[in-house]
Amino acid sequence: DCSSNSDSGPNSPPAGPHALPNGSLASLHSKEDSHSYQMASLYRSVGYHGNDLHLSPSLPNISLGRPPSSSGTNNSSPPHSESELRALEAGRMNMPHPHQAGVPYYPSVPGMEGELPPHHPAYISTQMKLMEESRSQGKLMSHVSPYNNMPPANTASPSTAETHPSRIRHKPLGRTQSAPLPLGHPFLQQQNLLLQQQHSQQVKQQIRQAVLHRAGMENVDEETEAKLQQEMRESREQDADDVIVVKESHMEESSSETLKPQQTFPNHPREAVKHRRHHHHRPLARTQSSPLVTFSNLPQQTQESDPTTIRYRYTTGLAYDSIMQKHQCTCNNNSNHPENEGRLHSIWSRLHETGLTSRCERIKSRKASMEELQSCHSEAHTLLYGTNPLNRQRLDPSLFENMRFFLLPCGGIGVDSDTVWNEMHTYIAARTAVGCVVDLSLKVAARELKNGFAVVRPPGHHAESHQPMGFCYFNSVAIAAKQLREKMKLEKILIVDWDVHHGNSTQQIFYDDPSVLYISIHRHDSGNFFPGTGSIEECGQNKGQGYNVNIAFGGLLTPPMGDAEYLAAFRTIIMPIAREFRPEAVLVSSGFDAAMGHPAPLGGYQVSPACYGHMTRELMSLADGKIVLALEGGYELTAISDAAEMCVKALSGDELPSVQEGELQRPSCAPALETFEEVLKTQAKYWPVVQKYLGTIQYSLMEAQKREMEEADTVSALASLSMVAGKRSSSFEQSEPMEEGES
């Protein structure tokens, strides 16, 4: 979601020189700006080249690889040479002086136009090449640990003979720390053999008991029992001999200086057999006893002990990963960006403080696969916004001809004036958000979890198949619906979107799909509120006609919509159509930017947290309770935390606070009544069940419930009267033949 300013959004014209049309990126004006150099290389790797990138002065200007130096006119001190800098660094690290014997000195590598910056790839590769050549010639000094007893840097340098590498004696290292033992340590090898010996004894004992039981040898004679005991003793002696032989072999090998590395102590217990001397294997006994032993339970035990198999309690599931908080603008100023990492932190902290996280099951997060992303988005879109920047260098640049990036006023990079882009973290966060929603939906549909709430970002219901917008990159809810159709074979899926902004992407993806019913309740203002789509007349097309329902509020916040309007929409439109549709699963694009506390450009409505909880409780009556909520918008931290808490409490079955009595007794405002009337007349052609609610839209919730109860009582009374009348007529008919018989 994004603001409704007329000059914002992806459809606004580029802001002068700050735009990068047709995917162009800058030719740098200064190699001293390391951040500029990295960003230019980054976007040039995916085919961006051409026009100049006018960088913001707020971007950091730090030279990599060197201490910062002053270049002002008042600084008259000459710059330090590289040899002096290396000497200072050596003294600071308590290392030998660079000009001492045995330590080569590498001068700077000249570039095409003077000296290359140390962070330049050519500089690093050339230095590595020189180091390899020196190592091959024996000129490179072996590393001396800075923790050894070396003289301080300000003391007199010792003689060359004393500091020669061949005369420096290292202090023997003692195991005074808790570092783990090396993998090839004899103690670890001995422990492994002992564990295998114990396991072997257990297996042999189980086989012996199974054989005796199957063969009916519980009461064997003494000779047979003694023979079996002898076999067990020989087996134990053999295992003990293995340990002794391996230990002796290792000690002999460690004392030898001519052995090759691959001839040292074996890393696997099976290789120990190669080192046994003067040892002959005992012939295998009971080679025909396998048919007597059954292993029918082993696959089940393996499946239960499989660490990859996770079993959850049948309760509410939560999806969350802190890695999604790393998606943020490079300006590191959250005041410029309402969609920031504080949203997730605030909601998750609230759920943790109230104890809801301990009562729910947190699922394991993952990144969505490329196949899952491409179920709703184009190939070029998924490759550019969902892959590692290093992998994009191998892609065809023609795929990204129509892609654009913009320089934001804050100094960061964005795909439009609202949606920021972080090259290192955005693609990971976006794919993790999709993976969380997909996995949570699949587990709820498979009855592994009762229901679920996904605390994810960035949001998704604005991201179209080929264009990110409105803070969104991938439509998580739409992708989850596609996966439910494909993997769980569901025939009917309901998507309810109560974000204050219309979900243009979700409508676009399922506009002609009759298997997905999309219902959105949002602020529209005759198309003057972002994103401008979602009018009442947009009902679907082809086979999907009638499966797209838009409750588009107008009125320009005079007055703002509140609990009364949202509860009336659920009572007269959303729930009647949903019950008639009979979905097998319910997905909710749960944006909380209609909650009270949001400014007018971001929402301006007055929906209470209790109302969100009751709307969730209403939807739980559908699809046998299989419902998943996914966080979309919502930017006022206290409001979204309160709303998320109420939704999770509703999913968990907790008692919810009542909506304010004034909202329950208040009828909907005039702009809302106009919207309800137009929606009911439009959708009655596809859903005749809503026709009867056209005469009740002017009632408040309390009055509507009262009238429904009166109607129910009247119907019950009429039904009871008809039953009494039917009984009397039947008894009268039965009495007439009896009178004739008596006469």
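A residue counts as partly exposed when its relative accessible area falls between the buried cut-off, under 20%, and the exposed one, over 50%. Cysteine 331, at 22% relative accessibility, is therefore partly exposed. Keep in mind throughout that this is a predicted model.

**Annotated sites**

Cysteine 331 sits in the loop between strand 4 and helix 8. In the unreviewed UniProt entry, Cys331 is listed under "binding site", along with Cys329, His337 and Cys410. These residues are spread over 82 residues of sequence, yet they cluster in space, with a largest C-alpha distance of 9.9 Å.

The unreviewed UniProt entry also has an "active site" annotation, and that one covers His462. Look for histidine 462 in the loop that runs between strand 8 (451-454) and helix 13 (476-487). Is histidine 462 buried or exposed? Its relative accessible area is 0%, so histidine 462 is buried.

**Salt bridges**

Now for the charged pairs. As a general point, side chains of opposite charge can pair when their charged atoms come close. The model holds 18 salt bridges, and here are a few of them.

| Glutamate 339 | Arginine 457 | 2.8 Å |

Start with the salt bridge between glutamate 339 and arginine 457, whose closest N and O atoms are 2.8 Å apart. Glutamate 339 is in the loop between strand 4 (316-319) and helix 8 (342-353), while arginine 457 is in the loop between strand 8 and helix 13, so the pair ties together parts that are 118 residues apart in sequence. Both glutamate 339 and arginine 457 are buried.

What about their accessibility? Aspartate 439 has a relative accessible area of 15%, so it is buried. Arginine 366 has 26%, which means it is partly exposed.

Lysine 681 counts as exposed because its relative accessibility is 51%, whereas glutamate 677, at 34%, counts as partly exposed.

Some charged residues go beyond simple pairs: Arg350, Asp642, Glu645 and Lys649 are linked in a network of salt bridges.

**Around helices 19 and 20**

Leucine 694 lies in the loop between helix 19 (670-683) and helix 20. With 24% relative accessibility, leucine 694 is partly exposed. Which leucine has its C-alpha atom 6.6 Å from that of leucine 694? It is leucine 680, 14 residues away along the chain.

Helix 20 (residues 701-742) contains glutamate 711. A relative accessible area of 53% makes glutamate 711 exposed. On the surface, Glu711 gathers with Glu708, Glu710 and Asp713 in a patch of negative charge.

Note on methods
Residues numbered from 1 in each chain as written. Predicted model: local features only at pLDDT ≥ 70, side-chain atom pairs only at ≥ 80, totals over all residues. Heavy atoms only, no water. UniProt positions renumbered as here; feature names shortened; annotations may be inferred. Helix = DSSP H or I, 4+ residues; strand = E, 2+ residues; numbered from the N terminus. Buried < 20%, exposed > 50% of the residue type's maximum accessible area, 1.4 Å probe, protein only. Patch = residues over 30% accessible without salt bridge, like charges linked within 9 Å, V, L, I, M, F, W, Y side chains within 5 Å. Areas by Shrake-Rupley, 256 points an atom, 1.4 Å probe, with all protein chains shown as cover. Salt bridge = Lys/Arg side-chain N within 4 Å of Asp/Glu carboxyl O. Lys, Arg positive; Asp, Glu negative; His and termini not counted. Charge placed at Lys NZ, Arg CZ, Asp CG, Glu CD.
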